[in-house]
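Good morning, and thank you for joining.

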Amino acid sequence: MILDRIQRENDIKKIGADDWNPLAEEIREFLINHISTSGGHLASNLGVVELTMAMHLVFDLPKDKLIWDVGHQSYTHKLLTGRKDKFDKLRKFGGMSGFPKRSESPCDSFDTGHSSTSISAGLGYVAARELLGDKNRVVSVIGDGALTGGMAYEALNNASRLKSNFIIVLNDNNMSISENVGGMSQYLSNIRTAEAYTGFKTGVEKTLSKIPVYGDKVIHQLRKTKSGIKQLMIPGMLFENMDITYLGPVDGHDIPGLIRIFNEAKKVNRAVLVHVLTKKGKGYSPAERHPARFHGAEPFEIETGLPSKKRTKANYSDIFSTVMRKFGDRDPKVVAVTAAMPDGTGLKRFKNMFPERFFDVGIAEEHAVTFAAGLAAAGLKPVVAVYSSFLQRAYDQIVHDVCIQNLHVIFAVDRAGLVGSDGETHQGILDISFLSSIPNMTLLAPKNKWELSDMLKFAVDFNGPIAIRYPRGEAYDGLKDFRAPIELGKSEILYDESEIVLIAVGSMVKIAENVRKELKDIGYQCSLVNARFVMPLDETMVKTAAKEHNLIVTLEENVLSGGFGEKVSAYVAACNFPTRVISVGIPNEYVEHGNVDILRKELGIDEPSITKRIITEYLGTQVY
Ligand SMILES: Cc1ncc(C[n+]2csc(CCOP(=O)(O)OP(=O)(O)O)c2C)c(N)n1
Ligand SMILES: CC(=O)[C@@H](O)[C@H](O)COP(=O)(O)O
Ligand SMILES: [Mg+2]
């Protein structure tokens, strides 16, 4: 194995050119084998094997800084920097992250996970280099999907003032997770289409040559300019006009060609964008044919590309998908907005049925929210389906554009709570805190799949900003018989007893149900309340709970700071009730990657830990 000769960064420089392509093949085989068992971002990684190798051949790590946008495509980089053995625990608790991590290697210059940050971070590195008198190179690698995000443009705007070298590699595979969208994607497509370029060039030359005397002179003059007649067709002119040198497009699977262009890019004393064309999923035909399915893949059979485990139960996004189709049918004012996540959020079916009422705005959560505010102001009923952690981006838009104007925007907040193997950047553990503190916002969480459907109906019929948070994965189908109509600000009493009351939010109702069973088994009386609303808080319920029990236990899959438990505690304290409140939630810290059950245990929010805590902390017995 050539790959075995790579033990650390820069070892690739000892591999002869004849072995580059065989090494690329070995890397692909390694990635397919490992990701087929661990799961992970296969298609994006297969697409950048040669690109990563070429960068490692040209640049000097860790002195030079490579910044991977999103970071989901950094597996080859990890392999080339001595982390091959860590792939056995890729994305597993305590193992290697699926994203770049400064804590993992000095060759990881910047932690990523969310999109469109790489040019800003790279520019920061460049400015620091100039101030500190360092000599390193800075290279930001951004995908065509990530280039739909507003931050990338803010950074490019800023980069245009540069007087020193900063290399931006545009990894253009003509795909986001799903089909890429928007004007920039169209612009890149035009550049990408060699035929269009060649055809246009020939066309322009032909037209000009028909102009007597001057035509030939213009052609001659244009050919003499820096990028020749190609400028007329504007490949890269958008960047060139911003004082950012454009190089390319170049075949992203041709290592010598890439090396040549990177060496050219090094000579430019300003920001330079190298446009690299790659194929998402390259080398594994199921991934080439279905790049979206293999973007973030669950474990799969290599021969067929089919998932190793068949899913038997619907997940919450499936339920959302079904309900949205029904609403689309029922109410022509219902429209759907996604920021580049039609598959993950389950909006794809709505898109197919109501294409004119479906809006994929690209990786642009801030814009998605203000766009939805505009739709609502004009009388439509926008449903913004977005992952909890990505909604963090749009905080001011929620406040400034939606809530101050009290507009009826419905937020379907998917992946709320622990998401698992994506880790810190993707855990949806802050939304209760940041949404429930915004005046005018109503925030709900369903206990099971039927309640998600009921809550969505309630939200569509509501008037004002409203968010429903629900977790990643299988939708709970227990507690089916509890289906009282949703009323604004009213919780649902599931079991009404005495002594202890568990008040749980959304996904924690299922856990609380089991905790209650265990407490009852050892002789305690225990009530169970499904909070339903985080905001507004059901104060009447809390008052009654405090009066009729010795202990209130709140449960939520969110950080404790600013969470539901704090609200309940504050209310109980404000009413001067002596009832003790224990808040179960996530400590105020970032949660690493790993299986959700393991993470819950580690965080003390799994059933046995909660039961034990209630017994030891409050009841003062070690019986359990
Ligand atoms: C702020 C934010 N929104 C959404 C996502 C989800 N997401 C991860 S990768 C991706 C597509 C990125 O496309 P591109 O940059 O072209 O990389 P490719 O997957 O094609 O390699 C999206 C939408 C994210 N990581 N961050
Ligand atoms: C890198 C990224 O942000 C996405 O690909 C994310 O990993 C998708 O997560 P889900 O698997 O929960 O859809
Ligand atoms: Mg792409």
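Asparagine 173, in this predicted model, is in contact with Gly47, Gly143, Asp144, Thr278, Lys279 and Lys280, leaving aside neighbours within four places in sequence. Asparagine 173 sits in the loop between β3 (166-172) and α7 (183-192). Is asparagine 173 buried or exposed? There are 24 other C-beta atoms within 10 Å of asparagine 173, and the threshold for burial is 20 or more, so asparagine 173 is buried.

Aspartate 144 belongs to the loop between β2 (138-143) and α6 (150-159). Aspartate 144 also counts as buried, having 24 C-beta neighbours inside 10 Å. Residues up to four places away in sequence aside, aspartate 144 touches Leu170, Asp172, Asn173, Asn174, Asn180, Ser185 and Leu188.

There is a record for these two positions. The unreviewed UniProt entry places the feature "binding site" at Asp144 and Asn173. Although the two span 30 residues in sequence, no two of their C-alpha atoms are more than 6.9 Å apart, so they gather at one spot.

I turn now to the ligands. Which residues come nearest to ligand 1? Of the 22 residues around it, these are Ser44, Ser115, Gly143, Gly145 and Ala146. By class, that shell holds eight nonpolar, ten polar and four charged residues.

Ligand 2 has its own surroundings, made up of Val70, His72, Ile177, His295, Gly296, Gly344, Arg415, Val419, Asp422 and Arg472. Sorted by class, the shell around ligand 2 comprises three nonpolar, four polar and three charged residues.

Next, the helix α1, which covers residues 20-38. A check on its length is simple: at 1.5 Å a residue, its 19 residues should span 27 Å, and because the end C-alpha atoms are 26 Å apart, the two values agree. The buried residues in α1 are Leu23, Ala24, Ile27, Leu31, Ile35, Ser36 and Ser38. The spacing in such a list can be read against helix geometry. An α-helix has 3.6 residues a turn, so residues three or four places apart point the same way. What do the buried residues of α1 pack against? Their partners are α2 (42-47), α3 (49-58) and α4 (75-80). Just after α1 comes glycine 39, with a positive phi of about 80°.

Finally, the overall arrangement. The chain is divided into domain 1 (3-176 + 244-289), domain 2 (316-469) and domain 3 (492-618). Between the C-alpha centres of domain 1 and domain 3 there are 44 Å. The contact between these two draws five residues from domain 1 and five residues from domain 3. On the domain 1 side, the residues touching domain 3 are one nonpolar, two polar and two charged.

With 28 other C-beta atoms within 10 Å, glutamate 451 is buried. Glutamate 451 and valine 534 are 83 residues apart in sequence, and their C-alpha atoms are 15 Å apart in space. I would be glad to take questions.

Methods. Residues numbered from 1 in each chain as written. Chains lettered and ligands numbered in written order. Predicted model: local features only at pLDDT ≥ 70, side-chain atom pairs only at ≥ 80, totals over all residues. Near = placed C-beta within 6 Å. Nonpolar A, V, L, I, M, F, W, Y, C, P; charged D, E, K, R; others polar. Helix = DSSP H or I, 4+ residues; strand = E, 2+ residues; numbered from the N terminus. Expected span 1.5 Å × (residues − 1). Buried ≥ 20, exposed ≤ 12 C-beta atoms within 10 Å, placed from the backbone. Contact = placed C-beta atoms within 7 Å. UniProt positions renumbered as here; feature names shortened; annotations may be inferred. Domains from an automatic or database assignment.
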